[in-house]
Amino acid sequence: MRPEIRPAEESGPNEIALHEALMDEPRKDPPASALESVEDADARDNYRILLAFLGRLKRAASLESCYLEIFSGGEVAVPPLFIDQLAQIIVRGILEGCDDALEPRAGELFFREQKASADDGAVMLADLEPSRCTPRAAASAAWVASSSSPRRPLATVNLEVLDTENAQAYWLRDQRTISVISMNFGRAANKAFSASWRSGYCISSASQ
């Protein structure tokens with residue numbers, strides 16, 4: 001359902017049919033003719049990349065081994081988007097059942113690019129691409145990402161800084177990526193990121 005693959009208004013019937021077939025049976029390899037009959041050349045290229053990645057997933061023993069294999073052959077031939085999505089699933093799996101809401105927010109640093117801003121010695125991280133925000137929050141977060149004045153206070157935008165006192169608010173909007181965290185040494189989010197990193201490192205080492 002990503003916009004790179006999801007049919008658009010101008011998509012032809014063959015492209016729509018291929019998309020529907022993959023949505024119905026994602027593990028089933030479509031015939032070569034289904035790909036070649038896609039009307040738009042750019043869409044065909046996107047589907048080739050997607051099908052190659054699906055093939056890699058189906059051959060792998062696990063998501064963790066699939067992730068490790070991407071980097072084991074020297075040249076990385078997988079688009080960053082797919083790598084980030086794999087990392088997201090793996091990190092969420094590692095943190096399943098975690099009670100500290102700051103850990104999954106800090107864990108987003110492994111798969112979502114952040115914009116760093118500094119104000120009076122405070123290092124703040126906000127999501128660079130708030131693709132699932134509400135329109136108002138998206139506009140505010142976009143301001144943070146594009147601001148040319150890193151010293152401008154974050155308080156001037158409608159983004160809440162998560163800390164120990166209000167961390168539970170994350171669960172209400174974790175799929176909209178609209179919260180800010182402070183990564184200064186000793187702050188709760190910094191400690192939560194360290195905990196997420198240690199958990200991920202242990203899993204990765206065990207897989208290797």
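Modeller: This is a predicted model, and in it six bridges join strand β1, residues 114-119, to strand β2, residues 122-127, with the two strands running antiparallel.

Biologist: How do you know that β1 and β2 count as paired strands?

Modeller: Pairing requires at least two bridges between two strands, and β1 and β2 are joined by six, so they count as paired.

Biologist: What makes β2 and β4 a pair?

Modeller: Strand β4, residues 180-182, is joined to β2 by two bridges, and since the requirement is at least two, this antiparallel pair meets it. Here Met124 stands opposite Ser182 in β4.

Biologist: Turning to the helices, why is α1 called roughly parallel to α3?

Modeller: Helix α1, residues 13-24, packs against helix α3, residues 41-59, at an angle of about 15°, with their axes 12 Å apart. Angles under 35 degrees count as roughly parallel, and therefore α1 is described as roughly parallel to α3. The crossing of these two helices is left-handed.

Biologist: Which residues of α1 and α3 make the contact, and how many of them are nonpolar, polar or charged?

Modeller: From α1 come Glu15, Leu18, His19 and Leu22, while α3 contributes Ala43, Tyr47, Leu50, Leu51 and Leu54. Sorted by class, the contact has seven nonpolar residues, one polar and one charged.

Terms used. Residues are numbered from 1 along each chain as its sequence is written. This is a predicted model: local features need pLDDT of at least 70, side-chain atom pairs count only at pLDDT 80 or more; totals for chains, interfaces and linings use all residues. Side-chain values use heavy atoms; hydrogens and water are left out. Helices (H or I, at least four residues) and strands (E, at least two) are DSSP runs, numbered from the N terminus. Axes are lines fitted to C-alpha atoms, for helices over the stretch in contact, and angles run from 0 to 180 degrees between N-to-C directions. Angles under 35 degrees count as roughly parallel, over 145 as roughly antiparallel, 65 to 115 as roughly perpendicular and the rest as oblique. A crossing is left-handed if the near helix is turned anticlockwise from the far one by less than a right angle, and right-handed if clockwise. Contact means heavy atoms within 4.5 Å. Ala, Val, Leu, Ile, Met, Phe, Trp, Tyr, Cys and Pro count as nonpolar, Asp, Glu, Lys and Arg as charged, and the others, Gly among them, as polar.
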